[in-house]
Amino acid sequence: MQAPDDFNPQTGVPEVLEPGLRRILAPNPSPMTYRGTNTYLIGTQDLAVIDPGPKDAHHLQAILDAVAPDQSISHILVSHSHLDHSPLARDLSDATGAPIYAFGGPVAGRSAVMAQLAEAGLAGGGEGIDQGFAPDICLADGDILRGSNWELEAIHTPGHLGNHLAFGWGDICFTADHVMGWASSLVSPPDGDLTDFMASCRRLAARSWRVFYPGHGAAIDDPAGRLDWLIAHRLMREAAIMDILRKKAATAATLARTIYTETPAALLPAAERNVFAHLVDLTSQSRVQPVGQLSVDAQFQLNPDARESP
């Protein structure tokens with residue numbers, strides 16, 4: 001799916017999306033963030049702010065300027081601790097007195113296999129973790145936050161990052177970086193876990209949503225269709241990996257270069273991380289196995305004892 005060409009709002013300017021919902025685009029465009037991070041303001045009196053964004057004085061002022069004299073910010077919600085989502089939360093909290101809510105710190109929600117990879121020395125893939133992030137209040141899956149005219153449900157959606165949360169508001173879901181309209185989400189071990197990502201996709205797909213508001217890019221008006229596409233996209237990548245491994249063992253780097261033939265060289269390291277995420281997932285299913293220790297540099301081969309999926 002291509003990024004929608006008409007999504008290019010002016011940074012720092014609140015845009016009304018629905019009654020009681022505004023979006024402010026942060027000034028941090030990049031190949032990984034598209035036009036920038038979407039900050040959402042929910043409510044008409046006491047406001048919830050979802051994803052204050054990167055540490056940027058102009059964006060902080062834009063959020064504060066969006067608060068009318070008869071309004072106040074009561075809740076600051078952070079979907080996950082990547083540098084384009086969480087760092088401004090503390091400055092906003094200091095300016096408003098509102099507490100910061102999130103699932104937890106940078107390694108909260110990390111799966112056991114990813115913890116083992118991290119302990120073995122596998123570093124993140126350069127996506128930019130806010131290592132100092134610490135919420136004032138940790139949210140558990142299913143927790144409800146309430147304001148004067150809104151109610152938000154915390155939905156733990158690990159995969160892109162272990163501490164990733166989506167937020168449900170009636171038939172609306174704020175999906176942050178788990179589901180975006182302009183691109184598929186990066187899943188980069190040890191911070192990202194594809195097994196968790198797929199489970200989170202299927203969990204969101206089990207509910208009926210009218211619209212997704214993502215962390216980057218335009219609103220998604222067909223949530224079910226987008227989730228179907230995301231799952232199918234990952235299964236297609238998995239099939240391509242398995243096809244190559246049926247012929248010979250290969251590393252994640254070799255697989256990435258073979259599969260991502262139209263990807264610019266600068267983005268191949270991210271592609272390699274995505275492939276490695278698939279290999280870890282396939283290893284957990286006992287469909288492939290590393291030659292030696294599980295690592296990003298290992299060669300992988302089919303597990304001779306595994307039965308092929310239909």
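Analyst: Start with accessibility: buried means under 20% relative accessible area, exposed means over 50%, and partly exposed is in between. The model is a predicted one.

User: Why is lysine 55 called exposed?

Analyst: Its relative accessible area is 58%. The label needs over 50%, so lysine 55 counts as exposed.

User: What makes lysine 55 and aspartate 91 a salt bridge?

Analyst: The closest N and O atoms are 2.5 Å apart. A salt bridge needs a side-chain nitrogen of Lys or Arg within 4 Å of a carboxyl oxygen of Asp or Glu. The pair therefore qualifies. Lysine 55 sits in the loop between β4 (46-50) and α1 (57-65), and aspartate 91 in helix α2 (residues 88-96), so the bridge ties together parts 36 residues apart in sequence.

User: Is aspartate 91 buried, partly exposed or exposed?

Analyst: Partly exposed, with a relative accessible area of 22%.

User: How do you know that glutamate 15 and arginine 23 form a salt bridge?

Analyst: Their side chains meet at 2.9 Å, N to O. The limit is 4 Å, so the pair counts as a salt bridge. Glutamate 15 is partly exposed at 32% relative accessibility. Arginine 23 is buried at 7%.

User: Which residue forms a salt bridge with glutamate 18?

Analyst: Arginine 210, with the closest N and O atoms 2.8 Å apart. This pair links distant parts of the chain: arginine 210 is in the loop between α4 (194-205) and β12 (211-214), while glutamate 18 is in strand β1, 192 residues apart.

User: Why is glutamate 18 called buried, and what is arginine 210?

Analyst: Glutamate 18 has a relative accessible area of 14%. The cut-off is under 20%, so glutamate 18 is buried. Arginine 210 has 39% relative accessibility and counts as partly exposed. Salt bridges that share partners join Glu18, Asp171 and Arg210 into one network. The whole structure holds 11 salt bridges.

User: How many aromatic pairs are there, and why is the pair of phenylalanine 7 and tyrosine 34 called stacked?

Analyst: There are 8 aromatic pairs. In this one, the ring centres are 6.1 Å apart and the planes stand at 20°. Pairing needs centres within 6.5 Å, and stacking needs planes under 30 degrees apart, so the pair is stacked. Phenylalanine 7 lies in the segment before β1 (15-18) and tyrosine 34 in the loop between β2 (21-25) and β3 (38-42), 27 residues apart. Both residues are buried.

User: Which residues form an aromatic cluster?

Analyst: Tyr40, Trp169, Phe174 and Tyr213 form one cluster.

User: What makes arginine 237 sit over the face of tyrosine 260?

Analyst: Arginine 237 is 4.2 Å from the ring centre. The distance limit is 6 Å, with a position within 35 degrees of the ring normal also required. Arginine 234 likewise lies over the face of phenylalanine 197, at 5.5 Å from the ring centre.

User: What is the strand order in the open sheet of 3 strands, and why do β13 and β14 stand at the edges?

Analyst: The order is β13-β15-β14, with antiparallel pairing. β13 (250-251) and β14 (288-290) each have a single partner strand, so one side of each is left without a neighbour in the sheet.

User: How do you know that β13 pairs with β15?

Analyst: 2 bridges join β13 to β15 (residues 299-302). Pairing needs at least two, so the strands pair. Alanine 250 has phenylalanine 300 of β15 as its bridge partner. Helix α7 (residues 268-284) lies across β14 and β15, at about 110° to β14.

How values were computed: Residues are numbered from 1 along each chain as its sequence is written. This is a predicted model: local features need pLDDT of at least 70, side-chain atom pairs count only at pLDDT 80 or more; totals for chains, interfaces and linings use all residues. Side-chain values use heavy atoms; hydrogens and water are left out. Helices (H or I, at least four residues) and strands (E, at least two) are DSSP runs, numbered from the N terminus. Contact means heavy atoms within 4.5 Å. Axes are lines fitted to C-alpha atoms, for helices over the stretch in contact, and angles run from 0 to 180 degrees between N-to-C directions. Rings of Phe, Tyr and Trp (its six-membered ring) pair if their centres lie within 6.5 Å; planes under 30 degrees apart count as stacked, over 60 as edge-to-face and the rest as tilted. Buried means under 20% relative accessible area, exposed over 50%, partly exposed in between (1.4 Å probe, protein chains only).
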